[in-house]
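Dear colleague,

My notes on it come directly after.

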Amino acid sequence: MSQNDKINMVTGIGWNKGACVGNTAAVGSAGYPQLCLQDGPLGIRFGTGSTAFTPGIQAASTWDVDLIRQRGAYMGAEAKGCGVHVLLGPVAGPLGKLAAGGRNWEGFGPDPYLTGIAMAETIDGMQGAGVQATAKHFIGNEQELNRETMSSNIDDRTMHELYLWPFADAVRANVASVMCSYNKLNSTWACENDKIQNQLLKTELGFQGYVMSDWNAQHTTNGAANGGMDMTMPGTDYNGKGILWGPQLNSAVNSNQVSKGRLDDMCKRILAAWYFVGQNKGYPGINIKANVQGNHKENVRAVARDGIVLLKNEGGILPLKKPSKIAVIGSAAVNNPQGINACTDKGCNTGALGMGWGSGSVNYPYFVAPYDAIKTRAQSDGTTVNLVNSDSTSGVSSAASGADAAIVFITSDSGEGYITVERVAGDRNDLDPWHSGNQLVQAVAAANKNVIVVVHSVGPIILETILNTPGVQAVVWAGLPSQESGNALVDVLYGLTSPSGKLPYTIAKSPNDYGTAVSRGDDSYPEGLFIDYRHFDKSNIAPRYEFGFGLSYTNFTYSDITVTSTAKSGAATGAVVPGGRADLFETVATVTAVITNSGSVDGAEVPQLYITLPSSAPSAPPKQLRGFAKLKLAAGAKGTATFNLRRRDLSYWDVRQQNWVVPAGSFGVSVAASSRDTRLTGTITVA
Ligand SMILES: OC[C@H]1O[C@@H](O[C@H]2[C@H](O)[C@@H](O)[C@H](O[C@H]3[C@H](O)[C@@H](O)[C@H](O)O[C@@H]3CO)O[C@@H]2CO)[C@H](O)[C@@H](O)[C@@H]1O
């Protein structure tokens with residue numbers, strides 16, 4: 001390849017200059033095509049024949065690695081079918097330290113272990129289908145406000161144990177690319193940050209793929225090249241900003257401000273990824289509008305359904321039993337009257353909510369609204385359905401009174417900061433339901449004492465008003481279900497399946513309980529390791545519904561814990577493989593537990609394994625998730641959950657040794673139905 005070829009390979013050709021949101025020029029001499037990079041984390045952005053997969057947060061809510069992997073594989077298959085070489089997802093940044101963070105819904109929630117597993121499964125699925133995955137946004141892009149000017153100042157231990165952790169899983173899964181973020185990290189732009197790109201990502205984690213910029217996140221020619229960035233996107237004239245690579249990079253190489261070796265390294269990384277997923281042979285041509293859906297809606301329905309978390313169910317109101325009359329209330333029960341894809345990049349909260357807004361959104365090929373699916377089911381049961389498709393409290397009384405159940409739909413939305421919806425400029429302004437949802441529920445409950453509240457939300461909302469309203473018998477946390485919304489909900493409401501989702505974040509009693517807030521300037525991350533349940537546990541704050549919580553229509557009992565271990569104290573050793581030092585990934589302890597479905601209907605349970613580090617370790621969260629399983633159990637059946645703990649899972653990051661260390665002493669082991677519902681305990685003793 002000539003130097004010009006190499007420059008072309010690392011420089012985007014410009015926004016709106018190709019078929020995809022990012023494009024590079026072909027390099028004929030290398031048989032290398034015009035590369036197509038396309039959002040995003042839940043399918044093909046701007047596609048018209050592709051599936052609108054469930055957002056990442058819904059996938060996490062299933063705690064089902066098979067469904068998460070299948071979701072990734074189907075997204076990969078659709079991307080390949082459209083000729084997309086690089087899919088711009090999955091998302092591990094934001095991780096979700098801020099409950100109100102605008103883009104949290106694109107990722108898998110604030111627990112690094114759960115997010116790490118979901119990242120790896122998604123990447124394996126995508127890349128197994130032949131498309132390059134992109135782990136984004138690297139790193140510390142936790143909020144939308146001022147994301148392009150602020151510095152996220154994260155200490156070394158917090159970086160390793162929280163924010164870098166899921167990216168290590170992505171690297172271990174051989175992710176092709178990593179997208180550097182808009183913000184600064186410890187005062188240096190992420191995309192030219194030698195510490196995080198060269199030292200952490202490429203050296204410590206052994207990342208062999210390439211780093212691409214977020215769209216216009218590059219700031220300098222030489223700084224980015226020498227700081228570890230390998231590809232600039234979109235390349236030219238985006239939002240009026242100047243060209244930083246292309247001819248400028250050529251000059252920098254010619255004047256030795258950027259070495260020829262560095263330029264070669266960029267190209268090797270890009271080419272390695274292309275070969276690694278087999279795109280050098282028979283890759284389809286680019287057609288973003290191709291019909292590639294196949295039977296993928298089955299995964300959407302399964303994730304939407306199995307990600308539903310039943311928070312409250314009193315008086316046996318659920319599952320519904322052939323009611324003679326029900327009321328369905330709220331604007332979110334029906335499709336957006338302007339059309340299901342009427343708002344650019346989903347930049348509105350009108351009608352049923354299936355995903356947040358921004359570059360991580362896609363077109364719906366169709367949308368099964370809750371009301372439509374309920375009506376279909378009601379017809380077969382001979383049930384009368386009264387619909388109020390607005391959020392106005394007037395008129396709900398007559399619709400709700402006398403009904404066997406009144407189902408009220410409420411929402412909360414957020415997204416990427418380049419769009420403002422109803423005064424929400426990306427990050428949420430508060431954690432209340434939108435459209436006066438509390439008042440709507442109160443008005444319905446004044447007329448009917450069998451109220452079921454269905455919540456479609458990008459993240460936690462404060463439920464205190466609703467829970468204190470007499471007559472609210474059930475709360476169904478339906479999350480962000482995408483195109484199969486109504487079908488998934490009916491499956492759960494009518495007991496075709498027992499709810500099996502568990503919360504991937506904590507629902508607090510008050511927004512202040514989270515201990516973090518959107519920052520107006522630079523953010524020093526004072527909470528350190530203590531986000532979400534780690535903070536609630538350490539500060540002894542009672543959550544309303546804790547991380548990992550979720551009810552079922554059946555009951556599960558836990559018994560017969562076993563713990564075996566060969567773990568030895570000390571620092572990690574061994575060669576660096578993708579993900580970090582090799583021995584970090586060796587299984588050093590195994591915990592098993594027997595779970596029995598002791599109820600009368602089939603169901604699925606998610607036993608969770610939490611560890612407590614010994615007192616010899618520096619201050620650590622009281623409990624940390626280090627394993628989970630999803631067991632599908634028929635009524636009366638039992639199954640064994642096996643949790644394999646890797647050396648990494650028993651380690652903390654020692655800032656003095658600059659290494660992962662297993663401390664000596666007694667580790668607490670909890671096998672739990674949630675982060676606050678421990679069923680079995682054991683210990684691992686490390687000499
Ligand atoms: O899509 C690739 C990555 O882009 C980042 O988001 C950008 C988004 O894709 C783009 O549509 C948006 O453009 C808007 C622009 O910023 C605004 O000034 C103009 O008024 O409207 C444009 C939309 O019509 O810019 C986004 C960046 O600001 C994502 O961060 C990344 O995750 C994507 O993969």
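This is a predicted model: local features need pLDDT of at least 70, side-chain atom pairs count only at pLDDT 80 or more; totals for chains, interfaces and linings use all residues.

Residues are numbered from 1 along each chain as its sequence is written, and side-chain values use heavy atoms, with hydrogens and water left out.

I begin with the largest pocket. A pocket here is an open set of points on a 1 Å grid over the protein atoms alone, where a 1.4 Å probe fits and protein lies on both sides within 12 Å along at least five of seven lines; its lining residues have an atom within 4 Å of a point. The largest pocket holds about 510 Å³ of space, the volume being that filled by probe spheres set on the points, which are joined across faces, edges and corners. Its lining comprises 23 residues, and those nearest its centre are Val65, Tyr113, Ile117, Glu121 and Phe628. By class there are 10 nonpolar (Ala, Val, Leu, Ile, Met, Phe, Trp, Tyr, Cys and Pro), 10 charged (Asp, Glu, Lys and Arg) and 3 polar residues (the others, Gly among them). At least two lining residues come from each of helix H3 (65-81), helix H4 (112-128), helix H6 (165-172), strand E23 (624-628) and strand E25 (638-646); helices (H or I, at least four residues) and strands (E, at least two) are DSSP runs numbered from the N terminus. Domain 1 (3-276) and domain 3 (554-686) each contribute at least three residues to this lining, with domain bounds taken from an automatic or database domain assignment.

Next, the aromatic contacts. Rings of Phe, Tyr and Trp (its six-membered ring) pair if their centres lie within 6.5 Å, and planes under 30 degrees apart count as stacked, over 60 as edge-to-face and the rest as tilted. By this rule there are 16 aromatic pairs. Tyr533 and Phe547 form a stacked pair, because their ring centres are 4.6 Å apart and their planes stand at 25°. Tyr533 belongs to helix H17 (residues 533-538) and Phe547 to the loop between H17 and strand E16 (556-565), so the pair ties together parts that are 14 residues apart in sequence. Both Tyr533 and Phe547 are buried (under 20% relative accessible area, with exposed over 50% and partly exposed in between; 1.4 Å probe, protein chains only). Ring pairs also link Tyr533 and Phe547 with Trp63, Tyr113, Tyr610 and Phe628 in a cluster.

Two lysines have a charge over a ring (NZ of Lys or CZ of Arg within 6 Å of the ring centre and within 35 degrees of the ring normal).

Finally, the backbone. Cis peptide bonds join Gly89 to Pro90, with omega about 10°, and Phe138 to Ile139, with omega near 10°. Pro90 is in the loop between strand E3 (86-87) and H4. Ser482, although not a glycine, has a positive phi of about 60°; Ser482 counts as buried because its relative accessibility is 0%.

Yours sincerely
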